[in-house]
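Hi everyone, thanks for making time this morning.

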Amino acid sequence: MNDEGDIKKKAIFFGFVLVVFVAAGIIFYVFYLSPPIEKTYVQKWMEIEASRLPQYGSPELCSKCHFEQYSLWIESEHHSSIQCENCHGIGMKHIENPYDGNYMPRIDTSREFCGICHESIPPRDESSAIKTVNLSTHNPEYSCILCHLPHRT
Ligand code: HEC
Ligand code: HEC
Ligand code: HEC
Ligand code: HEC
């Protein structure tokens with residue numbers, strides 16, 4: 001009886017010690033030996049995603065180098081309600097790299113470009129926010145900017 005009890009107790013004791021060692025080993029591995037996967041990769045991934053978002057500037061930033069256009073635009077009656085990048089495209093990369101041809105803002109002088117906002121289409125005609133014209137009948141043979149200067153309008 002006694003012997004059997006002793007063996008049982010010892011078995012339980014060693015079993016317990018074994019479990020403690022294994023658990024300590026796992027904890028030691030996870031916190032001290034294994035490479036810190038989560039932090040570096042998640043952070044890198046977040047940086048890459050953030051850099052993909054379009055980076056806008058602002059008219060005030062543009063004005064540092066294009067003061068002439070800025071001062072006409074800010075005084076303009078109508079187009080001062082939209083900003084430079086609505087017409088010239090997203091501009092932060094250009095602000096940071098002003099001489100880099102890859103990031104040059106676009107200049108579009110086509111009638112179709114002005115039509116993006118001004119072409120007469122039924123739902124737009126009913127709202128008074130933006131005046132519309134029929135591109136095929138409103139002075140069709142000329143460029144819009146011959147009569148309406150974009151920065152002064
Ligand atoms: C740090 C100075 C700087 C800032 C800020 C800047 N630009 Fe420029 N921008 C330049 C330079 C330099 C050129 C190239 C001029 C050239 O090659 O004739 C240029 C060219 C341009 C052009 C093309 C001109 C052409 O003739 O093709 C446009 C449009 C333009 N910028 C708009 C903007 C807008 C909009 C902003 C604000 C979002 C802006 N720029 C901010 C310096 C700047
Ligand atoms: C309604 C659209 C529109 C807005 C808003 C606008 N531009 Fe322009 N921008 C144009 C067009 C169109 C041209 C080409 C004009 C031309 O060829 O005569 C141009 C030309 C330019 C040029 C080339 C030099 C020149 O004067 O021809 C620069 C630089 C420029 N814009 C900067 C700006 C800046 C800075 C702002 C904001 C303060 C701005 N633009 C706002 C449409 C716009
Ligand atoms: C991103 C949209 C947008 C683009 C692109 C745009 N405009 Fe406008 N335009 C507006 C808005 C908004 C108004 C009205 C602003 C207000 O009344 O305060 C306006 C007003 C005008 C007006 C005055 C209309 C009136 O009430 O008498 C003229 C003219 C005009 N734009 C011509 C042009 C020309 C020409 C171009 C192309 C170079 C152009 N617009 C490109 C948004 C745009
Ligand atoms: C030959 C000169 C000329 C050309 C080219 C021209 N317009 Fe006009 N536009 C005018 C005149 C003149 C008016 C009437 C002015 C007014 O009533 O204030 C006008 C009026 C407008 C209006 C105001 C309409 C309203 O209901 O009050 C808009 C918007 C406009 N034009 C946009 C454009 C666009 C966009 C283009 C190019 C697709 C363009 N225009 C080409 C001369 C021109």
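Let me begin with one residue: apart from its neighbours within four places in sequence, Arg 106 touches His 88 and Gly 89. Please keep in mind throughout that this is a predicted model. To find Arg 106 on your screen, look at the loop that runs between H6 and H7. Is Arg 106 buried or exposed? It is exposed, because 9 other C-beta atoms lie within 10 Å, and the cut-off for exposed is 12 or fewer. Arg 106 and Val 42 are 64 residues apart in sequence, and from C-alpha to C-alpha they are 35 Å apart in space.

Let's zoom out to the whole chain. As for contacts with a separation of 6 or more, 49% are between residues 24 or more positions apart.

The domain assignment gives us three pieces to talk about: domain 1 (2–52), domain 2 (55–107) and domain 3 (108–153). Taken over C-alpha atoms, the centres of domain 1 and domain 3 are separated by 68 Å.

Now for the ligands, and I'll start with ligand 1. It is surrounded by 17 residues, and the closest are Gly 57, Cys 62, Cys 65, Gly 91 and Pro 98. Helix H3 (59–63), H5 and helix H6 (92–96) are the elements that each give two or more residues to this shell. H5 has the largest share, with three residues. Sorted by class, the shell around ligand 1 holds 10 nonpolar, five polar and two charged residues.

Next comes ligand 3. Of the 18 residues around it, His 78, Cys 114, Cys 117, Cys 144 and His 148 come nearest. Two elements give two or more residues to that shell, helix H5 (84–88) and helix H7 (111–118). Which of them gives the most? That would be H7, with five residues. By class, the shell around ligand 3 has 10 nonpolar residues, seven polar and one charged. And where does ligand 3 sit among the domains? Domain 2 and domain 3 both give residues to its shell, so ligand 3 lies between them.

My last stop is ligand 4, with 14 residues around it; Cys 114, Asn 139, Tyr 142, Cys 144 and Cys 147 come nearest. Its shell divides into seven nonpolar, five polar and two charged residues.

You'll find Asn 139 in the segment after helix H8 (122–126). Most residues other than glycine have a negative phi. Asn 139 is not a glycine, yet its phi is positive, at about 40 degrees. Asn 139 also counts as exposed, because it has 12 C-beta neighbours inside 10 Å.

That's the tour, and I'm happy to go back to any view you like.

Terms used
Residues numbered from 1 in each chain as written. Chains lettered and ligands numbered in written order. Predicted model: local features only at pLDDT ≥ 70, side-chain atom pairs only at ≥ 80, totals over all residues. Near = placed C-beta within 6 Å. Helix = DSSP H or I, 4+ residues; strand = E, 2+ residues; numbered from the N terminus. Nonpolar A, V, L, I, M, F, W, Y, C, P; charged D, E, K, R; others polar. Domains from an automatic or database assignment. Contact = placed C-beta atoms within 7 Å. Buried ≥ 20, exposed ≤ 12 C-beta atoms within 10 Å, placed from the backbone.
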